[in-house]
Amino acid sequence: GPCTECSCDPGKETAKDAGNTKKKEKGEQLFVPKIFFGTRTHKQISQITRELKRTAYSTVSMTILSSRDYTCIHPTVSSSGSNRNEMCVELLDGKHGKSCLYYHGAHKLGEHHALQSAHRVYQAWDIEDLVSLGKKLRACPYFAARELMVGADIVFCPYNYLLDPQIRESMDINLKDQVVILDEAHNIEDCARESVSYSVTESQLRAAREELDFMVNNNIRQKDHEPLRAVCCSLT
């Protein structure tokens with residue numbers, strides 16, 4: 001028969017259940033943690049969302065955090081090389097009298113998903129689906145995905161979005177009291193090492209050394225610049 005001494009007894013109310021009941025009576029909102037699902041590559045996110053569509057949880061609100069390389073739809077910025085982040089920031093700053101109309105329409109994607117959820121036709125989606133819809137609505141998928149994180153129950157992203165403190169801060173990711181799932185976690189060591197590593201060329205070191213020489217020779221904060229110059233000299 002059913003056990004009567006532990007919390008799994010359906011007729012026995014635990015202290016936690018009693019506390020939750022009181023919160024509901026008072027009208028307080030219960031805290032529901034988000035699930036942050038980290039993967040090694042963006043391609044793996046596509047595979048996971050495809051599997052999510054086949055489960056009973058395909059209607060759960062979700063979002064995918066990714067770089068502008070995958071989600072930018074601005075004709076000029078998306079066709080540029082490796083400086084998409086800087087070009088996007090310049091547009092948002094309104095430099096040279098230009099702006100990004102796609103950014104100002106980012107809320108359209110959020111409203112679209114909210115409408116789908118209200119009509120219970122919400123389905124798990126992939127980055128390609130979001131980009132395709134963004135082009136139709138002339139709305140930025142990159143910033144829309146970040147806005148959707150607020151109400152999402154599951155957030156998919158590459159490892160470094162969870163491991164790198166600078167990326168976490170820039171994306172407003174707070175992992176406190178949340179659920180974190182790391183797919184193929186044996187790859188975490190390499191990703192963590194990359195997050196705290198930086199590559200510099202010899203030519204960059206020499207250029208920095210020349211600038212520091214100028215500072216020291218012109219008596220500009222010598223106490224600060226001399227130790228830095230010594231580091232550059234030792235490395236070269």
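Start with helix α12, residues 188-195: R193 and D190 both sit in it, three residues apart, about one turn of the helix. Helices here are DSSP runs of H or I, at least four residues, and strands are runs of E, at least two, numbered from the N terminus.

Ground rules. This is a predicted model, where local features need pLDDT of at least 70, side-chain atom pairs count only at pLDDT 80 or more, and totals for chains, interfaces and linings use all residues. Residues are numbered from 1 along each chain as its sequence is written, and side-chain values use heavy atoms, leaving out hydrogens and water.

R193 and D190 form a salt bridge at 2.9 Å, N to O. That term means a side-chain nitrogen of Lys or Arg within 4 Å of a carboxyl oxygen of Asp or Glu. E189 joins D190 and R193 in a network of salt bridges. The count by this rule comes to eight.

Next, helix α13, residues 202-217. R206 and E202 both lie there, four residues apart. Their side chains meet at 2.6 Å, N to O, in a salt bridge.

Now a link between distant parts of the chain. K53 and D129 make a salt bridge at 3.6 Å, N to O. K53 is in the loop between α2 and β2, D129 in helix α8, 76 residues apart.

Last, D126, in the loop between α7 and α8. Which side chain of opposite charge is nearest to D126? R50, 6.3 Å away. D126 is buried, yet has no salt bridge. Buried means under 20% relative accessible area, exposed over 50%, partly exposed in between, with a 1.4 Å probe and protein chains only.

Terms used. Lys and Arg count as positive and Asp and Glu as negative; His and the chain ends are not counted.
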